[in-house]
Amino acid sequence: MPEIVPDIVDEAGRLLAVAEERGVTLRLLGGVAVRLRAADGLAPPFRRSYQDLDFVTSRRTAPACAKLLAELGYEPHVAFNALQGKERLLFFDVENERQVDVFVGVFRMSHSIPLEERLELEPVTVPLAELLLTKLQIAELNQKDVGDSLAMLHGHPVEEADGDSLNAARVAEVVADDWGLWRTFTGNLAVSREQLAGYDLPAEERERVAARIDALTERIDAEPKSRAWKLRARIGERKRWYETPEEVAGGP
């Protein structure tokens, strides 16, 4: 089996290709996914380096995925995988000092984003709706996540379908069932809109991104909210509405 490729984007492609050959469900998340979904490349203000790889696999193929990564040269975090393996697997590329996270069926950090039933819609990454949800579910938003989110909204229209558009109906459906996720996501979407002015884009492109953010916000507002959402909304911010996941650092 070929060695791990130093270029992280090329390495992501290698892993996806081998997984497809083996019949293992594997889809990209994170910044590399945002880059690969940019058909014409990212606009200069959104280009950045990438340190780690993030994937999701299905519950059915998680054991085969773990075996495959080990065969491809990645060292498993044995203790972490034993404890968390039903939801998340962790591997290391020691030579290139990279970490590989594999979420199993659901993306769970500050909030939970269901992915299992949507993994077959796209061949390389999760659908754009879920990709944006995973970026803006972070309670403590950082600049790279703002940039990646704006890159998606710059490169993809907001519509009511998957594919090369950002499915506003799907985003609205997911956040309408979870007040905490709604609170974090809509707050981060507003922050991203505020920070848009700091990105060196032509005026018409900046206006287009702002209009897409407004359209997505309006679609979320219009979505009927679940009973659970309404009950949690009564408590509001008096109780913390997000998790603070422990960051796993270091080698295996």
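**Ground rules.** I took residues as numbered from 1 along each chain as its sequence is written, and I kept to heavy atoms for side-chain values, with hydrogens and water left out. Since the model is predicted, local features need pLDDT of at least 70 and side-chain atom pairs count only at pLDDT 80 or more, whereas totals for chains, interfaces and linings use all residues.

**Sheet.** I looked up the strand order and found five strands in an open sheet, β1-β2-β5-β4-β3, with mixed pairing; strands (E, at least two residues) and helices (H or I, at least four) are DSSP runs numbered from the N terminus, and two strands pair if DSSP finds at least two bridges between them. The edge strands, each pairing on one side only, are β1 (27-29) and β3 (75-76).

**Around β5.** I then followed β5 (residues 98-104), which pairs with β4 (residues 88-93) in the antiparallel sense over six bridges and with β2 in the parallel sense over five bridges. The hairpin of β4 and β5 has four residues between the strands, and Glu97 in the turn has a positive phi of about 55 degrees. I noted that seven of the seven residues of β5 are buried, so the strand is largely enclosed by the rest of the structure; buried means under 20% relative accessible area with a 1.4 Å probe, protein chains only. Arg98, Val100, Val102 and Val104 point one way from β5, and Gln99, Asp101 and Phe103 the other way.

**Helix pair.** Helices α8 (residues 179-195) and α9 (residues 203-222) pack at about 160 degrees with axes 10 Å apart, the axes being lines fitted to C-alpha atoms over the stretch in contact and the angles running from 0 to 180 degrees between N-to-C directions. That makes α8 roughly antiparallel to α9, a term for angles over 145 degrees. The residues that meet include Phe185 and Leu189 in α8 and Ile213 and Leu216 in α9.

Key. Parallel < 35°, antiparallel > 145°, perpendicular 65-115°, else oblique. Contact = heavy atoms within 4.5 Å. Buried < 20%, exposed > 50% of the residue type's maximum accessible area, 1.4 Å probe, protein only.
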